[in-house]
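Please look over the chain shown here.

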Amino acid sequence: MGNAKSVSGTLVLHDSASGYVMAHELGHSLFGLEDLYVFLNPSRPSVPDPVPAGSWDMMSDSARGFFGWSKFLNGWLDGQQVRCITNQSVSVHYLESLEISNKEPKLLLINLQEGVTIGIEFRQHPNYFVRGVLVYKVDSRINHGDGPITAQTELLSEGKSLDIDGWRISAVTEGIDGMLVKVEKIG
């Protein structure tokens with residue numbers, strides 16, 4: 001019995017399940033990830049978008065990967081790859097793509113209040129060849145099935161910026177594998 005393994009859940013899929021469905025369900029059973037779309041039924045609050053996280057994460061829609069936030073929570077990104085804004089009012093960071101496996105920074109986090117964080121990462125749109133900065137808001141006070149992550153639809157390309165919750169996020173200069181990003185407190 002020394003080699004026995006325990007399993008935290010059971011996953012049963014029909015043989016016609018797509019690769020996306022299998023990956024999504026494995027996200028639940030192996031990694032404890034929650035659904036990022038909204039369960040629409042009378043007991044849940046109504047929201048304008050049933051998929052507030054968009055197509056950026058496998059737990060939301062038919063994406064190829066995960067948010068940097070999910071990777072960080074699962075230990076797939078370490079402390080060297082994540083930068084946290086604390087007391088700075090203006091700072092500049094080079095973020096490399098999540099798909100590159102090295103120790104360079106890949107995720108920038110701005111804590112707004114307990115349980116609420118802005119995530120910033122460099123991505124390539126899964127359906128197009130558009131690259132840029134993805135900005136999303138994680139609100140851990142929002143229940144599973146009510147859309148705890150809200151992401152922008154379009155990536156910020158070089159020279160574009162977005163104002164969110166008193167911060168301006170600007171895509172300054174695109175590099176070969178990432179983007180120079182400026183964050184500035186504006187409110």
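The text goes from the whole chain to confidence, then to the sheet and to single residues.

**Overall make-up**

This is a predicted model. The chain has 187 residues, and 40% of them count as buried. Its secondary structure consists of 2 helices and 9 strands. Read from the N terminus, the order is α-α-β-β-β-β-β-β-β-β-β. The accessible surface is about 10,500 Å². Carbon and sulfur atoms account for 52% of that surface. Take the contacts between residues at least 6 apart in sequence: 50% of them join residues at least 24 apart.

**Confidence**

The mean pLDDT of the chain is 81. A score of at least 70 is reached by 76% of the residues. Confidence is lowest in helix 1 (residues 19-31), with a mean of 67. It is highest in strand 8, at 97. Over residues 1-8 the pLDDT is below 50. Beyond near neighbours in sequence, that stretch has 1 contact in the model. Where pLDDT is low, the predicted coordinates should not be read in detail.

Four strands make an open sheet in the order 2-9-8-7, and their pairing is antiparallel. Which strands stand at the edges? They are strand 2 (90-96) and strand 7 (161-164). Each has a single partner strand, so one side of each is left without a neighbour in the sheet. From one strand to the next, the twist averages 20°.

Two of the pairings are set out here.

| Strand pair | Sense | Bridges | Residues opposite each other |
|---|---|---|---|
| Strand 2 and strand 9 (residues 178-185) | antiparallel | 7 bridges | Tyrosine 94 and leucine 180 |
| Strand 7 and strand 8 (residues 167-174) | antiparallel | 4 bridges | Serine 161 and serine 170 |

Strand 7 and strand 8 also form a hairpin, with 2 residues between them. Aspartate 165 is in the turn. Its phi is positive, at about 50°.

In a regular strand the side chains alternate between the two faces of the sheet.

**Glutamine 81**

Glutamine 81 is found in the loop between helix 2 (68-73) and strand 1 (82-85). Is glutamine 81 buried or exposed? Its relative accessible area is 5%, so it counts as buried, the cut-off being under 20%. Its side chain reaches the backbone oxygen of asparagine 102 at 2.5 Å. Leaving out residues up to four places away in sequence, glutamine 81 touches Trp76, Asn102, Lys103, Glu104, Pro105, Lys106 and Leu107.

**Lysine 185**

Lysine 185 lies in strand 9, which pairs with strand 2. With a relative accessible area of 40%, lysine 185 is partly exposed. That value falls between the 20% and 50% limits, so neither buried nor exposed applies. Which residues does lysine 185 touch, not counting those up to four places away in sequence? They are Ser89, Gly166 and Trp167. Trp167 belongs to strand 8 (residues 167-174). Lysine 185 and asparagine 87 are 98 residues apart along the chain. Their C-alpha atoms are separated by 9.9 Å.

**In short**

The open sheet runs 2-9-8-7, with strand 2 and strand 7 at its edges. Glutamine 81 is buried in its loop. Lysine 185 is partly exposed in strand 9.

Definitions and conventions
Residues numbered from 1 in each chain as written. Predicted model: local features only at pLDDT ≥ 70, side-chain atom pairs only at ≥ 80, totals over all residues. Heavy atoms only, no water. Buried < 20%, exposed > 50% of the residue type's maximum accessible area, 1.4 Å probe, protein only. Contact = heavy atoms within 4.5 Å. Areas by Shrake-Rupley, 256 points an atom, 1.4 Å probe, with all protein chains shown as cover. Pairing = 2+ DSSP bridges. Axes fitted to C-alpha atoms, helices over the stretch in contact; angles between N-to-C directions. pLDDT = per-residue confidence, 0-100. Polar contact = N/O pair within 3.5 Å; in protein donor to acceptor, adjacent residues only side chain to side chain.
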